[in-house]
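Please read this note with the sequence and the 3D view side by side.

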Amino acid sequence: MSFFSKILLKPEVEEYLRNVFRNQELTSVLGKLEAERKYESLLNCLAHPPAFTTVRVNTYLASVKQVKNLLLEEIHKQQFKGLSVPVLQHPELQDILLIPVIGPRKDLQKQSAEVIVGAQCGNAVLRGAHVFVPGIISASKCMKAGDVVSVYSDIDGKCKRGAKEFLGTKVFIGNGISEMSRSEIFSSSGSLKGIGVRMTDPVYLCPSLADVLSSYLFLQNLPSAVVSHVLNPQPGERILDMCAAPGGKTTHLATLMHDQGEVIAMDKIANKVKTIKQNAALWQLNCIKAFCYDGTKALAIGKREDGQEGPPFSAESFDRILLDVPCSGMGQRPNMAYSWTLKEVTSYQPLQRKLFTTAVKLLKPGGVLVYSTCTITLSENEEQVAWALETFPYLQLQSQEPRIGGEGMMGAGLSLDQLKLLQRFDPSSVISHGMDINSLQGSREEDLISLANKDCIGFFIAKFIKFNSQ
C-alpha cells in the first residue's frame, strides 16, 4: 500500500480527523498506539482504490448468471487479456458481482513523454477510467497522437494548464497511448471532449465499464448496495429516496420491489434529476417518479392539491424512507488529495439534521428510516444517531440485514448495544498490500468475499423504526 503516499489533507483537516480517531472513548479501549495505527492505516487506504470493482445487476431484466457471462466476455476483451480474473457473486447480496482489482503494479516502465492530469481525473483512472481530454492539464511538448506516455496525477493542484513540463509533486498512475497530439489538446479553437489518453497499463488493473452493458449493470460501491437491502422495500409500498442523485439506490429499490409500488426520488439539482429519469427508463422501471425539489421543504404545510403527485408531501405518507444525505464524502476511494477546508468538512451536520427532521415527519408510524453517509467523521454519523434518538424519542434503532460492515465507532456517547446496531464500513480494518494475479489465483473464494466486505469505501448506515409519535 506504500506505493502511493497517504491521502493529502489540509493540515487543519488532518488534525481534526486525528482527534476524531483518538477520542477518549476510543483510546480508553484501544489504547493510544492502536488508535493512532488505525488512523494512519485509514489515511493510507483512502488514497488507494478498493480491492474490488463492484457492479449491481438489473435482476428485473436479466438473471445474474446471464449478466455474469456477458461481463466475463467484456473483461477478457479489455486489459485482462491473458489473465484469468474471476467474477464473483456475493453470497449475501445476490445481485452484486465483484471483480478483483490487480495492483499496485510496480513493474511498469515509466516513459519519457508525460501527461499530467488533475487529481479527480487521476482518481478515476485508478478505478478503470481512461483519461478524457478535459482532465489533462499538461503534456510533453512534442507529444503526438499514438505516442506511449506515462500519466501522472497532480495531487497538489500546482500544475499550470498547458505546461510543457511539470517538476512539482506528481503521482504515477500508469501508461497509455495518446489519442491526440499536444497541440490538439490545448488548441484555442474550443473545448474538446472524448478520450485523450487510452490507458493500456494502469497501476491498478480494473475493467473500464463506463457505458458497458448499461441496461444490465450499475457501477456501485458495495456499501451503497447494502443500503437498499437494509431498507428492504416491499412490493406495493410507497418509498421515498430523499437525496436520490444519481439514482443508483433509486433503481435498486425499484428492482427489489419488482417494479411494484411507488418510489419517489428527489434531488434539488435539475440535471441530476434528469439522470435519475434516464436511468429509470434505461432499466425499464416504471414505478419511479423523480422530482427536482429541496428535501428540507418536502413536508406539505396544510392540505395538498387534489391530484398532486409531487412534493411537498403529506405527513406520515411513506412506508419507508432512504436518507442518503449530502456529506463531506471523506470515505470515497481512491482519493489521493482531499482539497476541502475544515469549515467545509464540518458544515454538513445542520443540513443533515434538517433533512432527517423532515424525513421523520414524512414517515408513517411503524415505518422504517435508513440514514447513510459516505464519510468517516463522528459528527455526520454516530453523533447524528445520538442526536436523533434524543430528539425523537419515538424512534428506535433496529438491527440490520445483511450485516456486512463493522459496528459503529465509539466517541458519540452511544451504548455498546446501540453501536452494534449500526454498520460502519472502515477500510482501515484490513491490512492489505494489494493483489497480484498469483495471490488472486491462490485465494479461496470465501477469503476474497471477506476482503471485498472490508476493503471498500468508508460508509455508515443506521436503521430506525418509528413508533406512534402522538
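How much space lies in the second largest cavity?

1. The space is about 60 Å³. This is a predicted model, in which local features need pLDDT of at least 70 and side-chain atom pairs count only at pLDDT 80 or more, while totals for chains, interfaces and linings use all residues. Residues are numbered from 1 along each chain as its sequence is written, and side-chain values use heavy atoms, with hydrogens and water left out.

2. A cavity is a set of points, on a 1 Å grid over the protein atoms alone, where a 1.4 Å probe fits but cannot get out; a pocket is an open set with protein on both sides within 12 Å along at least five of seven lines; lining residues have an atom within 4 Å of a point. Points are joined across faces, edges and corners, and a volume is the space filled by probe spheres set on them. The whole structure holds three cavities of 30 Å³ or more.

3. Residues lining the second largest cavity include F52, R127, L222 and D455. At least two lining residues come from each of β1 (52–57) and α7 (222–231); helices (H or I, at least four residues) and strands (E, at least two) are DSSP runs, numbered from the N terminus.

4. The second largest pocket has a volume of about 410 Å³. Of its 20 lining residues, K38, E407, G408, R424 and D426 lie nearest the centre. The most lining residues, three, come from α2.

5. Six strands form an open sheet with mixed pairing, in the order β5-β9-β8-β7-β4-β6. Its edge strands, β5 (131–132) and β6 (136–139), each pair on one side only. Two strands pair if DSSP finds at least two bridges between them; β7 (148–154) and β8 (171–178) run antiparallel and are joined by six. S153 has V171 in β8 as its bridge partner.

6. A nonpolar core is a set of buried (under 20% relative accessible area, 1.4 Å probe, protein chains only) Ala, Val, Leu, Ile, Met, Phe, Trp, Tyr and Cys residues joined through side-chain atoms within 4.5 Å. The largest has 58 residues, and F52, L71, V370 and I461 have the most contacts inside it. α7 gives the largest share of this core, six residues. Apart from it lies another core of 52 residues, including W387 and F460.

7. Not counting residues up to four places away in sequence, L71 touches V55, V87, L97, I99, L209, L213 and L217. Contact here means heavy atoms within 4.5 Å.

How values were computed: Buried means under 20% relative accessible area, exposed over 50%, partly exposed in between (1.4 Å probe, protein chains only).
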